[in-house]
Amino acid sequence: MNAIAMPGTVSRARTATLLACVLAALAGLMFGLDIGVISGATQLIQAEFAVPDRMIEWIVGAMMLGAAIGAAGAGWLSATLGRKRSLILSALLFVAGSLLCGLAWSPGALIGARLALGLAIGMAAFTAPLYLAEVAPEQIRGAMISTYQLMITIGIFVAFLSDLAFSYSGAWRWMLGIIAIPGALFLLGVLLLPESPRWLLLRGRREEATAVLARLRGDDAVVGREVAGIEAQLESPQHGWQLFRHNRNFRHSVGLGIALQVMQQLTGINVIMYYAPRIFASVGFGTSAQMWTTAIVGLTNLLATFIAIGLVDRLGRKPILYVGFAVMAASLGAVGTTMHLGTATHAAQMFTVSALLVFIVGFAMSAGPLVWTLCSEVQPLRGRDFGIGCSTFVNWTANMIVGATFLTLLNGIGHAATFWLYAALNLLFILVTFLWVPETRGVTLEQIERRLMAGRPLREIGR
Ligand code: BGC
């Protein structure tokens with residue numbers, strides 16, 4: 001190997017890193033497709049199997065349940081099998097789960113298939129951001145992990161469009177089954193990924209780790225520094241659960257990851273993702289307008305993610321989170337107010353839809369991508385699998401709770417108060433961000449870990 005970096009080698013290496021990140025981010029695409037696809041299929045499934053609402057809730061919820069279980073097991077799996085093989089396994093499950101959904105012969109079979117899909121998503125949702133954080137150099141780490149969120153939003157949007165297309169023929173089996181195709185592409189992609197150098201070093205496979213890093217960085221000096229930095233961390237002998245039990249600092253970072261994911265879900269984002277057509281119906285939209293407006297929600301969610309990708313490594317995480325939570329609080333407050341005053345006029349309807357779109361922009365430019373970014377940045381290497389496993393598990397559990405309580409809230413306290421409640425939560429999250437969230441822009445994972453383990457307050461473990 002050359003001691004001095006050649007410009008050509010460095011740019012080839014940069015391409016290799018980007019490619020690895022894009023491929024791992026495809027996991028996000030699968031995540032989004034599966035989140036988005038079900039909203040358009042439920043009524044058709046209900047008609048074919050003649051089942052009550054309760055069974056539909058099970059069919060919808062099985063995926064989130066599977067995802068929570070998959071995320072909980074993914075820490076162990078990706079530590080044992082490695083990041084790459086965990087992604088391969090999840091890709092295989094994606095393909096099998098999607099095909100089974102399309103072929104389901106009974107509601108029970110559909111529940112089983114959605115559970116398998118959920119397992120795949122939980123595993124991928126855990127492993128992909130972890131892999132990205134471990135492979136991307138720190139200057140572009142935020143943008144790379146935001147790419148993962150971008151893929152989630154593309155998935156949701158494509159699923160909304162495909163639902164719209166298949167809805168004319170009522171072909172729900174095609175809606176659900178067709179996801180096997182992107183699943184197969186994802187499988188092909190992850191087969192080409194290099195293993196994470198950090199995981200290789202964790203397993204004592206120094207030569208392989210150095211070779212992978214040399215390919216990804218193309219600069220021997222950088223590779224040497226990174227290997228030395230990671231090895232220095234690995235000298236502390238604990239990991240995961242043990243670290244959690246014995247190390248107060250690690251308990252803090254795990255707590256932070258969990259809090260971030262709870263905040264992300266309690267912004268209320270999935271209320272809109274799962275119930276958009278119903279919300280649009282409640283302000284007086286007809287069926288076709290509901291479908292199209294839902295597609296616009298998906299598109300807005302996608303486009304606004306670019307704001308985060310462009311700004312995250314320049315402005316930093318915290319300023320973007322402040323703006324995002326403020327925008328979400330204001331827009332949901334406005335939705336609550338129009339629901340309170342009545343949405344009978346065309347102007348009121350348009351205002352409500354616009355406010356909901358502004359809310360989506362607020363989420364997509366901030367908490368959507370940044371929570372995943374921060375969660376994979378704040379955990380120390382020895383406990384990273386465990387820490388991200390906990391926060392991803394909480395993401396799906398909170399997701400399930402938000403989805404399962406929305407209709408009850410609407411019926412219990414009414415439309416206006418429900419949106420006001422979510423608005424108030426978003427306001428609260430500005431304070432939480434100020435008090436506990438660190439600014440991790442441009443700081444190496446090793447520096448973050450050093451400060452965390454030195455017992456610095458959470459908000460100071462970054463810059
Ligand atoms: C969240 C999902 C949400 C999606 C919307 C993700 O970051 O974890 O729950 O459905 O963003 O784009």
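**Cysteines**

I looked up C375 and found it buried, at a relative accessible area of 2%. Buried stands for under 20% relative accessible area, exposed for over 50%, and partly exposed for what lies in between, with a 1.4 Å probe and protein chains only. This is a predicted model, in which local features need pLDDT of at least 70 and side-chain atom pairs count only at pLDDT 80 or more, while totals for chains, interfaces and linings use all residues. I number residues from 1 along each chain as its sequence is written, and side-chain values use heavy atoms, with hydrogens and water left out.

Is C375 in a disulfide, or in no disulfide? A disulfide is taken here as a pair of cysteine sulfur atoms within 2.5 Å. By this rule I count 0 disulfides. C375 is in none, and its nearest cysteine sulfur, that of C390, is 11 Å away. Seen from C390, the closest cysteine sulfur is the one in C375, and 11 Å is too far for a bond.

**Confidence**

I checked pLDDT next, which is the predictor's confidence in each residue, from 0 to 100. The protein averages 87, and 96% of the residues score at least 70. Residues 1-5 stay under 50, and the model has 7 contacts for them beyond four places in sequence. Contact means heavy atoms within 4.5 Å. Where pLDDT is low, the predicted coordinates should not be read in detail.

**Cores**

I then looked for nonpolar cores, meaning sets of buried Ala, Val, Leu, Ile, Met, Phe, Trp, Tyr and Cys residues joined through side-chain atoms within 4.5 Å. The largest has 133 residues, and I45, Y148 and W396 have the most contacts inside it. Helix α1 (residues 7-49) gives the largest share of this core, 17 residues. Helices here are DSSP runs of H or I with at least four residues, strands are runs of E with at least two, and both are numbered from the N terminus. A second, separate core has 6 residues, among them A74, F126, L130 and I388.

I listed the contacts of Y148, leaving aside neighbours within four places in sequence. Its partners include A25, A27, G28, F31, A124 and W372.

A50 is in the loop between α1 and α2. Its phi is near 50°, a positive value in a residue other than glycine. Most residues other than glycine have a negative phi. A50 counts as exposed because its relative accessibility is 65%.

How far apart are the end C-alpha atoms of helix α2? They are 40 Å apart, which agrees with the 40 Å that its 28 residues (53-80) should span at 1.5 Å a residue. The expected span is 1.5 Å times one less than the number of residues. I also noted a kink of about 40° in α2, centred on A74. The bend at a residue is the angle between axes fitted to the seven residues ending there and the seven starting there. A74 is also one of the residues in the second core. G82 follows α2, and its phi is positive, near 100°.

R83 is in helix α3 (residues 83-103). Is R83 buried or exposed? R83 counts as buried, because its relative accessibility is 1%. Beyond four places in sequence, R83 is in contact with residues including E134, E195 and D385. L130, also listed in the second core, is another contact of R83.

**Helix α18**

I repeated the span check on helix α18 (residues 384-413). Its 30 residues should span 44 Å at 1.5 Å a residue, and its end C-alpha atoms are 40 Å apart, which agrees. α18 bends by about 40° at T405. G414 follows α18 with a positive phi, near 95°.

**Other residues**

V361 is in helix α16 (residues 346-364) and is partly exposed, at a relative accessible area of 28%. V361 and T300 are 61 residues apart along the chain, and their C-alpha atoms are separated by 6.6 Å. Outside four places in sequence, V361 is in contact with T300, A304 and I307.

R248 is in helix α12 (residues 248-266) and counts as exposed, at 55% relative accessibility.

I461 is in the segment after α20 (445-453) and counts as buried, at 0% relative accessibility. Not counting residues up to four places away in sequence, I461 touches V378, P438, Q447, I448, R451, L452 and R456.
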